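Me: I would like to go through a structure with you before planning my reading of it. Could you show it first?

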Amino acid sequence: MQNQTGTSLTHSAGSAAPRQKRRAALVWLIALATMWIDQITKLLALRALEPGREYPLVGELIGLRLVRNAGAAFSSLGGLTIVVTMLALVIVAALLRYVHTRSVTRLVACCLGFIAGGAFGNLVDRFVREPGFLRGHVVDFIDYFGWFVGNVADIAIVLAALVLVFASWRGEPSDG
């Protein structure tokens, strides 16, 4: 029943704000955890793997091979490392602004957290690794079928994007 005269019988617009803040916090938590896991695995790869040497894990399907990637996905745009870095910064900033200004479902928040965390993981490399600030090469070490070499950040980004596409295709409900 209505407690006060003039009080709406439906939820107020302000009731979405705490949920929005919790979802934004979830995005940050997942992003930071993903970034740390990515960086820890890269440090382990740098310590344990010899550059260029192949270490089979699952026959010739999956293996380990340490490489440094100056470019974007599949080593494309190698000569434009600074541009790739700046573009990644803009995308991550836009993504984080989005989750702080829009209401998203828990599924979307989780996926955006993995995407942001993966982007952060690769951005850390761009900032702190050789050959220098904004030009650092990303550490890749997971070899897929001999076709390309990636890292944990790449896995987080790709899987989260696929889940978002699948959820959209299935018509998953959204909060806004």
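Predicted model: local features only at pLDDT ≥ 70, side-chain atom pairs only at ≥ 80, totals over all residues.

Me: Which residues touch the most other members of the largest nonpolar core?
Reply: They are V92, L95, L96, A116 and F120, in a core of 17 residues. A nonpolar core here is a set of buried Ala, Val, Leu, Ile, Met, Phe, Trp, Tyr and Cys residues joined through side-chain atoms within 4.5 Å. Buried means under 20% relative accessible area, exposed over 50%, and partly exposed in between, with a 1.4 Å probe and protein chains only.

Me: Which elements give two or more residues to this core?
Reply: Helix 1 (16-48), helix 2 (81-101) and helix 3 (106-128) do. The largest share, eight residues, comes from helix 3. Helices (H or I, at least four residues) and strands (E, at least two) are DSSP runs, numbered from the N terminus.

Me: And what is V92 in contact with, leaving aside neighbours within four places in sequence?
Reply: V92 is in contact with A119, F120 and L123, where contact means heavy atoms within 4.5 Å. Apart from this core lies another, of eight residues, among them A45, L49, I142 and Y144.

Me: How do the axes of helix 1 and helix 3 cross?
Reply: The two axes come within 7 Å and cross at roughly 40°. Axes are lines fitted to C-alpha atoms, for helices over the stretch in contact, and angles run from 0 to 180 degrees between N-to-C directions.

Me: What about helix 1 and helix 4?
Reply: Helix 1 and helix 4 (residues 152-170) pack at an angle of about 145°, with their axes 8 Å apart. At this contact, T34, I37, D38 and T41 in helix 1 meet V152, A153 and A156 in helix 4.

Me: Changing topic, how many disulfides are found?
Reply: A search of the whole structure finds zero disulfides, a disulfide being a pair of cysteine sulfur atoms within 2.5 Å. For C110, the nearest cysteine sulfur is that of C111, 6.9 Å away.

Me: Where is G63, and what does it contact?
Reply: G63 is found in strand 2 (residues 62-69) and is buried, since its relative accessibility is 8%. Leaving aside neighbours within four places in sequence, G63 is in contact with Y55, P56, L57, F141, I142 and D143. G63 and F141 are 78 residues apart in sequence, yet 8.3 Å apart in space, C-alpha to C-alpha.

Me: Lastly, which residues does a cis peptide bond join?
Reply: A cis peptide bond joins E130 and P131, with omega about 10°. P131 lies in the loop between helix 3 and strand 3 (138-144). Most peptide bonds are trans, and most residues other than glycine have a negative phi.

Me: What is the phi of L134?
Reply: L134, although not a glycine, has a positive phi of about 70°. L134 also lies in the loop between helix 3 and strand 3, and counts as buried at 18% relative accessibility.

How values were computed
Residues numbered from 1 in each chain as written. Heavy atoms only, no water.
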